[in-house]
Amino acid sequence: MSGPVARGGSEPVGRRADAGYRQRYGGPPTGCWAAPGRVNLIGEHTDYNDGFVLPFALPHRTVVAAGPAPAGGPTWTVWSEQSGEEIVIDESDADSPGAVDGWGAYVAGVIWALRQANFAVPAARLAIASDVPLGAGLSSSAALEAAVLTALADLGGIGPDRLPVPDRPVLAQRAENGYVGVPCGIMDQSASIRCQAGHALFLDCRSLEVEQVPFDLATAGLAVEVIDTRAPHRHVSGEYAARRAACEQAAAMLGVPALRDVPADGLPAALDRLPDETMRRRVRHVVTENQRVRDTVALLRAGRVGGIGPLLTASHASMRDDFEITVAEVDTAVAAALTAGAYGARMTGGGFGGCVLALVDAGAAGQVAAAVGEAFADNGFAAPACFTALPATGAERID
Ligand code: GLA
């Protein structure tokens, strides 16, 4: 596998976290906990509309090596291989959203969310390493939150009996919404915590019910090529918040709790009731995207993996034309992948840059990557980074 990796080196990431812990803190950790990044197969900007998503976990993971803090020392000490920094978080930092910033905010946010939910978070020392590409829209933040949450819960004896698995993404999302200040939905944290190897996670973002949908690329002779366009994210947080606000405003105008409640066959009537063209386009994206997720799941349940290609491509067109969250690099990558023979291709993640995924014949991944690279060179874009991804497992203790 080639492609973008976070800084750190060629040692497996679990070993790096473990070695970092020993080096920083002078002894072995109690254990190591890993949580993956994700790609979203389909269902974009549907999660905060109470809709449907279908992500799968990447083999790229963030690992937290953790052990108890010695008495008399700081409550939480956290070292990150990525930044080379060690930070200290005390109770007052953990109880004041925004008190810690940068990568440490995701760690402090998880502690905050656990404490808000009345869990006693054990004093601990953590060492973190990751090979989830950063800033590529592959959920490096959710992987960090999920790994920290899983580690601290285990270390504190907070088992699934007290903090059931379906509640864990909710806490991790709360950390990001309430402490870090990012108004994200529930998809990324759910993917990092609840995905299973070989499956895509069909998540109902209202009920939080999941179905593990077999996503057997190998038997179908197919591969998912992930293309990191390396396009710089432009205005991403402001645009994300604006899309979310527009959707919530549209739902209020339509008199429904969320756009999830507009059925596909009720779309024309709903659009007629909205005052402006931009809002109509936003609603059309969300309603049609929810339907595409359901259609994709139906095909996967029937074992028709190759059949999902047109739905992926239609999703991209909807994000480009109706939700207006793509950029030139992303559109170029999708077009080049399709011309090179991909069955379908779409941007994955929040948008305004990031990654594209393409469904390709297993033997054609290199050819598709080369075609995208040529198209980027022709357009004067920086070279993309490509890798093929098989659905991997969610958060777990690894030793
Ligand atoms: C980001 C957010 C998710 C989701 C996607 C878009 O990844 O964190 O909650 O809204 O964008 O589908």
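Which helices and which strand each supply at least two residues of the lining of the largest pocket?

**Entry 1, ground rules.** I am working on a predicted model, where local features need pLDDT of at least 70 and side-chain atom pairs count only at pLDDT 80 or more, while totals for chains, interfaces and linings use all residues. Residues are numbered from 1 along each chain as its sequence is written, and side-chain values use heavy atoms, leaving out hydrogens and water.

I looked up the contributors: strand S6 (124–130) and helices H4 (140–155), H6 (187–194) and H7 (236–254). H4 gives the most, four residues. I noted that helices (H or I, at least four residues) and strands (E, at least two) are DSSP runs, numbered from the N terminus. I counted 43 lining residues, with Tyr106, Ser139, Ser140, Ser141 and Glu176 nearest the centre. By type, the lining has 15 nonpolar, 22 polar and six charged residues, with Gly among the polar ones by the convention used. Domain 1 (13–215 + 392–397) and domain 2 (217–389) each give at least three lining residues; their bounds come from an automatic or database domain assignment.

I then listed its surroundings (a heavy atom within 4 Å), among them Arg38, Glu44, Cys184 and Gly350. For polar contacts (N or O pairs within 3.5 Å), I found a ligand oxygen 2.7 Å from a polar backbone atom of His45. A polar side-chain atom of Tyr240 sits 2.6 Å from a ligand oxygen.

Methods: 1 Å grid on protein atoms, 1.4 Å probe; cavity = no way out; pocket = protein on both sides within 12 Å on 5 of 7 lines; lining within 4 Å. Polar contact = N/O pair within 3.5 Å; in protein donor to acceptor, adjacent residues only side chain to side chain.
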